Amino acid sequence: MKNFGIVFSALLIFLQGCGDNKQVGIEPQVYTDSLFAVMNADRVNYTTLVVKRLGAEGTGAIKPDEHWKDVENGIPLPAQMFRAGAERVSETNDSFTYSLQSLWPINSQNAPRTDAEKEGLKFIIDNPGKNFYTEEDLGGVTYYTAVYPDVAVSVACVACHNAHNDSPRTDFKIDEVMGGVVIRVPLK
Amino acid sequence: MTIKHYFWCIWLLATITLLSCLAYTIFLSEDKSVLLIGKASHGHYQIEMSCVSCHTDSFSGEEDFQSACVNCHGKELKLVDDTHPKRKFTDPRNADRTKILDARYCVTCHTEHQAEYTLGMGLTIPQDFCIHCHQDIAEERPSHKDIEYNSCANAGCHNFHDNSSLYQDFLVRHANEPVLNAIARLSDMKDIKSKGYVPDMNLSLSDQILPLDIEATIDSLSLAKAAHEWEGSAHANAGINCLDCHSNQNEDSKKTEADSQVISDLDQIKSGSTWIAKPDHLVCSRCHEYQTETYYEGKHGMRISPYLQLPLSPLRPSMSDLPFKADSLNREHGCNTCHGAHGYETEEAAVGGCLSCHDDDHSTHYKGSIHFALWQKEISGELPPGSGVSCASCHMPREEIIHKGEKMVQVTHNQNTYFQPNEKMIRPVCMQCHGLSFALDALADKTLIENNFKGKPAHHIPSIDWAIKRDQKPRKE
């Protein structure tokens with residue numbers, strides 16, 4: 001009987017091991033860092049390889065414009081291109097969302113709204129080179145929220161924001177953090 | 001058989017009768033009015049008997065309704081670059097906003113069958129809905145400080161969806177335009193003959209191809225009248241013979257104007273083509289694809305659209321709440337209603353077609369307007385093409401489309417696209433001839449619209465003034 005108890009206990013422990021439901025998969029931070037790496041690469045490339053090279057500062061073949069649909073040979077500004085990507089993703093995928101925000105937005109709808117966004121944007125400006133990670137509850141869902149710095153990579157970025165009539169700030173400089181990319185992943 | 005059994009029989013009979021009536025109404029009858037929970041809005045009453053067009057599933061949820069809305073209205077919203085698309089509200093950062101006003105779904109603001117609560121544009125929520133997201137607008141734009149939130153969508157200011165002619169840079173760019181452009185002309189229709197799209201055949205009465213037993217289907221007087229109208233028409237000039245429309249010989253070969261070919265042939269008649277006494281829109285669509293497609297999208301043709309889940313009988317003026325002429329109330333709408341059966345004069349359709357039914361103030365005042373005077377001069381050749389303004393010039397305007405890689409100007413038959421809110425007409429219609437400021441003022445003046453633009457706008461809309469002032473403000477240091 002004693003042996004039976006030992007065997008039963010061993011079996012129980014073995015079966016517990018079999019039923020280990022420890023989640024395997026990518027950590028949220030690795031996931032959002034990876035997403036940002038792709039987003040940022042595309043954003044920088046569009047700004048420097050397309051807008052800067054073929055726009056007003058380059059050949060002048062194309063016209064980057066806020067109202068690009070109303071302009072002949074018009075193309076979206078880098079921020080609009082980025083936002084268009086975010087909107088397209090939102091139509092096809094619900095595993096993450098992202099947006100471009102700033103404490104000094106041209107469109108006030110792009111100012112931080114949630115506490116995490118406000119704290120995150122302030123953090124990346126006060127701590128150059130660092131990212132901000134947190135969790136927040138929105139609409140009854142818990143999200144892993146990451147905020148990454150959006151840096152002015154071209155004179156065009158700085159010049160446009162400093163000159164725009166709706167911009168709350170007119171003294172941006174190149175390589176300065178102008179805003180942040182907020183990525184959210186719902187945690188199940 | 002006891003009296004109890006009699007009652008059971010009566011009960012059973014009554015139940016079967018009621019269920020049969022219900023089943024007939026749901027599955028067979030076109031008239032489903034007994035099932036309506038309320039009258040549909042002015043934009044949907046035409047198809048309210050085709051319940052499944054919106055209620056796509058027995059237990060339709062928000063997403064099903066949304067798909068139904070987008071299925072019909074998505075193209076137009078995309079065309080005008082919708083200012084508030086669903087994708088703007090799906091970001092979780094707007095969860096608190098969508099909890100108050102769920103702008104992800106059309107039905108949040110446009111609930112159907114609520115006639116007593118329905119405002120213009122089919123709006124069924126209080127008009128101050130902008131406040132939910134833009135309550136701090138006065139901080140950003142001091143000019144908006146004392147403006148009531150229920151006036152944001154007033155004519156000349158903002159629209160929820162289409163702001164393509166109301167955004168700040170557009171206002172600034174078109175400031176200081178004259179009331180009337182130096183050359184005020186509508187877009188030219190491309191000369192499709194010069195492009196070789198339509199053969200120049202100029203058929204005459206002797207070229208008619210008809211079945212040998214035609215006299216059995218139509219009396220000789222009517223036949224002569226039809227033939228006379230046809231001779232010299234655009235169809236005869238393009239080589240379209242009687243059987244091209246009056247037979248089913250082309251049914252399987254959907255053509256466009258670009259590749260229409262005359263295929264009338266006596267041998268084909270003998271080979272079994274069926275004579276169609278009264279060709280309908282489906283026959284027209286064989287060549288006039290763009291026109292019929294847009295016709296189905298508009299108020300006139302939506303009931304007979306082949307895309308409707310449950311096609312209905314043609315629209316009749318009596319179905320509408322708008323004022324119509326008494327003798328037109330039971331006229332069924334089809335291509336021939338405006339274009340006639342054989343003459344197909346677009347000039348007659350562009351004015352006569354409309355005024356033969358519509359009897360509202362705007363319509364009845366048209367013939368006393370400057371627009372009509374110009375139209376008459378264009379028709380008489382006194383002024384060049386594009387100088388006159390018909391009903392269709394504004395309500396079925398000319399659109400630039402891409403056909404086989406080439407830009408063409410065609411007449412849309414979907415009047416919804418440029419109808420309400422009337423700022424939708426500014427760019428494609430009014431600004432063809434008028435300056436933006438005048439257009440904004442005129443479209444905001446209800447009295448001026450009713451009398452068909454006789455006189456000057458009573459009030460000035462300050463949108464452009466404010467936009468210029470903001471554009472010229474000193475930059476912050």
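I began with the cover over the buried residues of H3(A): it includes H2, strand S3 (97–101) and S6 of chain A. A reminder to myself: this is a predicted model. The buried residues in question are A:Pro78, A:Phe82, A:Ala86, A:Glu87 and A:Val89. I noted with interest that A:Glu87 is on that list. An α-helix has 3.6 residues a turn, so residues three or four places apart point the same way.

Next I checked the length of H3(A). The helix has 15 residues and spans 22 Å from first to last C-alpha, close to the 21 Å expected at 1.5 Å a residue.

**Helix against helix**

How do H2(A) and H3(A) cross, right-handed or left-handed? I found a right-handed crossing. The axes of H2 (residues 28–54) and H3 (residues 78–92) of chain A come within 10 Å and cross at roughly 140°. On the H2(A) side the contact uses A:Met39, A:Arg43, A:Tyr46, A:Thr47 and A:Val51, and H3(A) supplies A:Pro78, A:Ala79, A:Met81 and A:Phe82. Sorted by class, I get 7 nonpolar, 1 polar and 1 charged residues in this contact. A:Pro78 and A:Phe82 belong to the contact, and both are also among the buried residues of H3(A).

**The sheet**

I then turned to the strands. In what order do the 4 strands of the open sheet in chain A lie? The order is S3-S6-S5-S4, with antiparallel pairing. S3 and S4 of chain A are the edge strands, each pairing on one side only. From one strand to the next, the twist averages 25°.

I walked across the sheet pair by pair:

- S3(A) and S6(A) are antiparallel and share 5 bridges; A:Ser99 has A:Val182 in S6(A) as its bridge partner.
- S5(A) and S6 (residues 177–186) of chain A are antiparallel over 9 bridges, with A:Tyr148 opposite A:Val181 in S6(A).
- S4 (residues 132–138) of chain A runs antiparallel to S5(A), joined by 7 bridges, and A:Thr134 faces A:Thr145 in S5(A).

Is S5(A) mostly covered or mostly open? I found it mostly covered: 8 of the 11 residues in S5 (residues 141–151) of chain A are buried.

**Chain A as a whole**

Stepping back, I counted 5 helices and 6 strands in chain A, and along the sequence they read α-α-β-β-α-β-α-β-β-α-β. Of its 188 residues, 36% count as buried. Among contacts in chain A between residues at least 6 apart in sequence, 56% join residues at least 24 apart.

**A glance at chain B**

Last entry: helix H14 (residues 346–355) of chain B. Its buried residues are B:Ala349, B:Ala350, B:Val351, B:Gly353 and B:Leu355. Their cover includes helices H13 (335–339), H15 (361–364), H16 (370–379) and H17 (391–395) of chain B.

How values were computed:
Residues are numbered from 1 along each chain as its sequence is written. Chains are lettered from A and ligands numbered from 1 in the order in which they are written. This is a predicted model: local features need pLDDT of at least 70, side-chain atom pairs count only at pLDDT 80 or more; totals for chains, interfaces and linings use all residues. Side-chain values use heavy atoms; hydrogens and water are left out. Buried means under 20% relative accessible area, exposed over 50%, partly exposed in between (1.4 Å probe, protein chains only). Helices (H or I, at least four residues) and strands (E, at least two) are DSSP runs, numbered from the N terminus. Two strands pair if DSSP finds at least two bridges between them. Axes are lines fitted to C-alpha atoms, for helices over the stretch in contact, and angles run from 0 to 180 degrees between N-to-C directions. A crossing is left-handed if the near helix is turned anticlockwise from the far one by less than a right angle, and right-handed if clockwise. Contact means heavy atoms within 4.5 Å. Ala, Val, Leu, Ile, Met, Phe, Trp, Tyr, Cys and Pro count as nonpolar, Asp, Glu, Lys and Arg as charged, and the others, Gly among them, as polar. The expected span of a helix is 1.5 Å times one less than its number of residues.
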